[in-house]
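Dear colleague,

I am passing on the structure that we talked about, and you will find it just below. Please have it open while you read the notes that come after it.

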Amino acid sequence: MPLAHFDGALAVVTGAGSGLGRATALALAERGAEVIAADIDGDTARRTIVLAKAIGARGSAHQVDVSDRAAMEEFAARVRADHRVPDIVVNNAGIAVAGPFLDTGVDDWERILGVNLWGVIHGSRLFGRQMVDRVHALPNKPEPPNFGGHIVNIASAAGYTPSRALPAYCTTKAAVVMLSECLRAEFASSRIGVTAVCPGFSGTSIVRNATLVGLTEAAERRLRERGDRALRLRHYPPERVAERIVHAIIKNRPLVPVNTESHLLHALSRVSPASLRLLAKVPLPR
Ligand SMILES: NC(=O)c1ccc[n+]([C@@H]2O[C@H](COP(=O)([O-])OP(=O)(O)OC[C@H]3O[C@@H](n4cnc5c(N)ncnc54)[C@H](O)[C@@H]3O)[C@@H](O)[C@H]2O)c1
């Protein structure tokens with residue numbers, strides 16, 4: 001399968017109804033992949049497929065909650081039965097919870113761990129198993145090293161940047177970075193590539209959809225508006241992140257910080273963790 005061109009590749013993208021997921025699905029479609037767009041919001045996933053078909057690609061939409069084990073098992077089995085083993089899986093679906101640790105309730109933790117971590121675990125386990133079995137059924141295993149498929153897990157710069165404003169989000173994203181590194185080591189012998197992508201700020205709906213804890217209603221509204229505006233003013237559209245994701249698959253990269261702030265934070269996490277500890281003390285603005 002010529003991963004460098006994606007011609008004829010089958011790609012599964014979760015959270016494909018919006019933001020980075022939709023842009024990634026379309027970037028892969030543009031390069032010849034057939035795209036399976038999965039989202040908890042079936043209407044937005046279907047819209048992504050309408051856009052993919054408008055550029056001549058093939059694809060289908062699925063409504064699925066990535067945090068739901070049974071739903072993900074059924075989804076993976078349907079992909080296998082109705083199509084085949086996917087060549088590319090982008091575990092992208094994610095949500096944000098912002099606010100102090102002591103104001104973050106158990107329900108908030110369960111929800112964010114469910115989507116941001118369990119969603120990635122389910123996607124990697126179920127499709128990873130299919131990819132490994134497919135490779136081991138082949139008589140010989142040609143190059144390139146990710147011939148057997150590629151799994152992209154969308155983490156975040158938050159995965160290496162502690163923050164008292166985002167304890168739950170940072171925790172899930174650090175776990176996704178580590179899970180991806182472990183998977184990469186395990187799957188290398190099956191010629192399956194694994195990448196953790198760590199974007200900085202990009203203009204999507206993530207802040208609009210975020211749960212903000214420990215704030216009055218007025219402060220929450222103010223912060224949501226401010227955060228949303230800041231993301232838009234950053235002028236880093238999801239399409240640019242999607243290009244980096246495509247490049248990461250072609251080059252089989254392990255860890256990909258995306259945009260200036262993410263590169264800078266990644267460098268600081270290695271050369272000066274103390275500076276990040278200082279930065280971590282900045283609270284949510286009110
Ligand atoms: N936008 C950024 O600045 C930024 C930065 C770093 C990382 N990320 C990560 O990028 C990923 C995509 O986020 P985005 O910015 O495009 O946000 P978004 O809110 O625009 O899109 C998220 C998509 O995921 C879907 N989704 C949410 N819960 C789901 C579930 N349980 N099952 C299936 N689908 C679900 C939503 O319906 C939505 O379509 C997330 O993992 C996020 O943490 C975003």
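This is a predicted model: local features need pLDDT of at least 70, side-chain atom pairs count only at pLDDT 80 or more; totals for chains, interfaces and linings use all residues.

Residues are numbered from 1 along each chain as its sequence is written, and side-chain values use heavy atoms, with hydrogens and water left out.

The ligand has 29 residues around it, of which Ser-18, Asp-39, Asn-92, Tyr-169 and Thr-204 come nearest (a residue is near if one of its heavy atoms lies within 4 Å of the molecule). Asp-39 has a side-chain N or O atom 2.6 Å from an oxygen atom of the ligand, and a polar side-chain atom of Asp-65 is 2.8 Å from a ligand nitrogen atom. Asn-92 takes part through its backbone, with an N or O atom 2.8 Å from an oxygen atom of the ligand. Taken alone the ligand exposes 830 Å², and the protein buries 93% of that (Shrake-Rupley areas with a 1.4 Å probe). Two or more residues of the shell come from each of α1 (19-30) and α5 (167-187), where helices are DSSP runs of H or I with at least four residues and strands are runs of E with at least two, numbered from the N terminus.

The second largest pocket has a volume of about 240 Å³. A pocket here is an open set of points on a 1 Å grid over the protein atoms alone, where a 1.4 Å probe fits, with protein on both sides within 12 Å along at least five of seven lines, and lining residues have an atom within 4 Å of a point; the volume is the space filled by probe spheres set on the points, which are joined across faces, edges and corners. Helix α4 (106-137) and α5 each supply at least two lining residues, and α4 gives the most, with six.

Among the lining residues is Ser-124, which sits in helix α4 and counts as buried because its relative accessibility is 3% (buried means under 20%, exposed over 50%, and partly exposed in between, with a 1.4 Å probe and protein chains only). The C-alpha atoms of Ser-124 and Ser-180 are 9.1 Å apart, although 56 residues separate them along the chain.

Asp-87 lies in the loop between α3 (69-82) and β4 (88-91), and at 2% relative accessibility Asp-87 is likewise buried.

With best regards

Conventions: A polar contact is a pair of N or O atoms within 3.5 Å; within protein, one must be able to donate a hydrogen and the other to accept it, and residues adjacent in sequence count only if both atoms are side-chain atoms.
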